[in-house]
Amino acid sequence: MGRRSARILHAGLALVVAGGLLVLVARGASAQAPPMPCEAWEVEYDLSGNLQLTDTPMGQGDGVYPVGPGKMVLRFDDRDGRPGGRAVLASYELRQAFTVVSKALFWKTSVASDTATRASLPPCGAFAGSLGGATLAWTRPVAFRTDGTLNCDGSFCGKFGAPPPGSSELHMPPQAVLLSPLQYSSDMKTFTMARTLVSKTDSPKQTAHLALSGREVRRACVAAPKCM
C-alpha cells in the first residue's frame with residue numbers, strides 16, 4: 001500500500017498526516033525570526049525659546065526676546081521598549097533673529113541680530129546626561145558656537161559695547177554650557193528647560209540666558225553606534 005497523507009484544517013491550525021507522522025503547524029506562520037529588540041532611540045524635537053538679555057549698554061537693550069525655530073536630536077538607550085538611560089546630544093541648532101532698540105535722551109540705536117547657535121559635537125555626538133523618570137539631567141557641559149550677522153543703526157553704534165555701524169559678522173567660538181534639566185510632560189512628547197546662562201560678551205555687550213521648549217516630531221528605533 002502506498003504512503004498516505006491527509007490534511008485537516010481547524011481554528012487556524014493545519015493538522016498534517018504524512019508517512020505516518022502527525023505534524024501540527026500554525027497556518028500562515030512565518031519562518032522568519034522575531035524582530036530584534038531596539039538597541040537605541042533617536043528622538044527629534046522642534047525648539048522655540050526666550051532669550052533674556054541683561055548688562056546691555058545703559059540697560060537700554062535689557063529684555064526678553066523670542067527666538068527660534070530650532071531643532072535638537074537626542075539619542076537614548078532602550079529601556080523596556082522606550083527611550084531611557086543615557087542621553088547623547090546628536091545635533092542642536094537654534095536661530096536667533098531679533099532687534100534690540102536703545103533710547104537715551106534724543107538718541108536712538110537699534111541692533112538687529114540674525115544668528116544661529118549650533119552644538120560643536122564629535123562625530124558620534126556628546127554624552128550629556130541621563131533620562132530618569134520625566135527629567136533629563138545634563139551632567140556634562142556641551143560646546144555651542146554662534147555665527148551670523150549684526151546690523152547697527154543709530155548714534156551709539158561702535159560705542160559703549162555696541163557693534164560698529166552697518167552690517168558686521170558675528171562669530172562666537174565654542175563656549176561650554178551646562179544646560180538646565182529638561183522637564184518632560186507626562187506623555188514624554190514635550191519638554192521645557194528653565195533659564196540657563198549661555199553667553200557673556202563685550203561686543204555686543206550683554207549677558208544672555210536661554211529658556212527652551214521642545215516638541216517631539218520624530219522617534220525612530222536605530223542601531224546603537226559603537227561609541228554608545
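Tutor: A polar contact here is a pair of N or O atoms within 3.5 Å, where, within protein, one atom must be able to donate a hydrogen and the other to accept it. With that in hand, and keeping in mind that this is a predicted model, we can begin with Thr 109, whose side chain reaches the backbone nitrogen of Phe 156 at 3.0 Å. Thr 109 belongs to strand 7, which covers residues 107–119, and because its relative accessible area is 4%, Thr 109 is buried. Leaving aside its neighbours within four places in sequence, Thr 109 is in contact with Val 100, Val 101 and Ser 102, and also with Cys 152, Asp 153, Gly 154, Ser 155, Phe 156 and Cys 157.

Two of those partners lead us to the disulfides. The structure holds 2 disulfides, and one of them joins Cys 152 to Cys 157, with an S to S distance of 2.1 Å. The torsion about that S-S bond is about -95°, so the disulfide of Cys 152 and Cys 157 is left-handed, and both Cys 152 and Cys 157 are buried.

Another disulfide joins Cys 38 to Cys 221, S to S 2.2 Å, and with 135° about the S-S bond this link is right-handed. Cys 38 lies in the loop between strand 3 (21–26) and strand 4, whereas Cys 221 lies in strand 14 (residues 205–222), so the pair ties together parts that are 183 residues apart in sequence. Cys 38 is buried, with a relative accessible area of 15%, while Cys 221, at 46%, is partly exposed.

Strand 4, residues 40–54, is also the place of Val 43, which counts as buried because its relative accessibility is 1%. The C-alpha atoms of Val 43 and Arg 219 are separated by 4.5 Å, although these residues are 176 residues apart along the chain. Not counting residues up to four places away in sequence, Val 43 touches Arg 219 and several others, including Glu 216, Arg 218, Met 72 and Leu 74.

Leu 74 brings us to the largest nonpolar core, where, of its 32 residues, Leu 74 and Tyr 92 touch the most other members. Strand 6 (residues 82–104) gives the most to this core, with 6 residues. Not counting residues up to four places away in sequence, the residues that Leu 74 touches include Val 88 and Leu 89, along with Trp 41, Tyr 45, Leu 136, Trp 138, Leu 182 and Tyr 184.

Definitions and conventions:
Residues are numbered from 1 along each chain as its sequence is written. This is a predicted model: local features need pLDDT of at least 70, side-chain atom pairs count only at pLDDT 80 or more; totals for chains, interfaces and linings use all residues. Side-chain values use heavy atoms; hydrogens and water are left out. Helices (H or I, at least four residues) and strands (E, at least two) are DSSP runs, numbered from the N terminus. Buried means under 20% relative accessible area, exposed over 50%, partly exposed in between (1.4 Å probe, protein chains only). Contact means heavy atoms within 4.5 Å. A nonpolar core is a set of buried Ala, Val, Leu, Ile, Met, Phe, Trp, Tyr and Cys residues joined through side-chain atoms within 4.5 Å. A disulfide is a pair of cysteine sulfur atoms within 2.5 Å.
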